[in-house]
Amino acid sequence: MSGATPLVGERPLADCGIQVSPITLGTSFLGNPPTPDGAPAPAADELASALLGGPYAAVDTSNNYAQGRSETVLGRELRANGLGRGRSVITKVDADPETGALDRDRVWRSFEESTARLGLSRLPVLHLHDPYTVTADEALAPGGAVQGLRELREQGLVAAIGIAAGPLSLMTRYVRSGAFDALLTHNRYTLVDRSAEPLIAEATERGMGVFNAAPFGGGLLAGRTTRYAYRDSPPDLLAWIERARLTCQAHGVDLPVAALHFSLRNPLVHSTVVGVNASRRIADLERMRTTSVPEALWTALAELGTPPSTIDD
């Protein structure tokens, strides 16, 4: 890919066979809003180019992001300029949007839909995404979603398979199944909520690659909203956030920088997934990543006590 920025901080994603950077760029916003006919807006092409040519090795998408437009836009850029050396596009299989089906056959259809949009015949990592329309027992049973993922891996169409979802009890069940090579957890390992620590540790013990997504909690820790993990924040959480902001300020660090570094500094996290909705955000992220954070800040933040998370799973 001509004009691409050199990659930063490359490291292997456990034994998954790909390299990742400390940050992976998320694309749930890509392709929105659409044009009146439902197609991705032309401006999305500029963002796709910035994502695939930026300083980070991997871009994360999904079959259902923006109703498929995220993959479509990425595919247009890949067809026009190719995939640069050392770079990867990671996607996810999703339930049928009309029926909710998420079995072996749906996994194959989702894979085929994604690869057709992306113009790729093989994927480095394919996650089972938000498997909420089936039970874990159903997904792991013969004919279930996991069988489809294993078949794709066995046939060399996918190098590694992962599980990407939220609720910890569900995620723990999938991790303990031994079926997966990678984990993507979100909103549960941040300055506000540390509940995924045992899950991340267990995935590491099993040799899995670990992605930690949503370090800003959907925007609260970036100062863009008063909601955390898609839920309204109670007054005591907002009060804790204000104390954390003042503590960061006293140490010469912005709260969003501390929120990002909270994930980056964990040696068990291979890559932190951050959603990007504008090209300029990529430069902002790299500035934040390279900002020095004093060790004393983490001690001071710990002294604020356990923050009152909105998550109760």
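Contact, as used in these legends, means heavy atoms within 4.5 Å. Helices (H or I, at least four residues) and strands (E, at least two) are DSSP runs, numbered from the N terminus. The structure is a predicted model, in which local features need pLDDT of at least 70 and side-chain atom pairs count only at pLDDT 80 or more, while totals for chains, interfaces and linings use all residues. Residues are numbered from 1 along each chain as its sequence is written, and side-chain values use heavy atoms, with hydrogens and water left out.

View 1. Within α11, which spans residues 295–302, the buried residues (under 20% relative accessible area, with exposed meaning over 50% and partly exposed in between; 1.4 Å probe, protein chains only) include Leu-297, Trp-298, Ala-300 and Leu-301. These residues lie on the same side of α11 because they cover an arc of only 165° around the axis, the arc being that of the directions from the helix axis to the C-beta atoms. Glu-295 and Ala-302, on the other side of α11, are exposed, whereas the cover over the buried residues includes α8 (235–250) and α9.

**View 2. The largest nonpolar core and the surroundings of Leu-128.** A nonpolar core is a set of buried Ala, Val, Leu, Ile, Met, Phe, Trp, Tyr and Cys residues joined through side-chain atoms within 4.5 Å. The largest one has 82 residues, and Leu-128, Phe-180, Leu-183, Leu-191 and Leu-285 are those with the most contacts inside it. Helix α9 (residues 255–264) supplies the largest share of this core, 6 residues. With neighbours within four places in sequence left aside, the contacts of Leu-128 include Val-93, Leu-102, Leu-149, Ile-163, Tyr-174 and Phe-180.

**View 3. Asp-96 in the loop between β5 and α3.** Asp-96 is found between β5 (88–93) and α3 (104–118), and its side chain reaches the backbone nitrogen of Thr-99 at 2.9 Å. Leaving aside neighbours within four places in sequence, Asp-96 is in contact with Ala-101 and Arg-106.

**View 4. Pro-55 in the loop between α1 and β4.** Pro-55, placed between α1 (43–52) and β4 (58–60), is buried, with a relative accessible area of 9%. Not counting residues up to four places away in sequence, Pro-55 touches Thr-5, Pro-6, Leu-7, Val-8, Ser-21 and Ile-282. Pro-55 and Ile-23 are 32 residues apart in sequence and 9.0 Å apart in space, C-alpha to C-alpha.

Key
A polar contact is a pair of N or O atoms within 3.5 Å; within protein, one must be able to donate a hydrogen and the other to accept it, and residues adjacent in sequence count only if both atoms are side-chain atoms.
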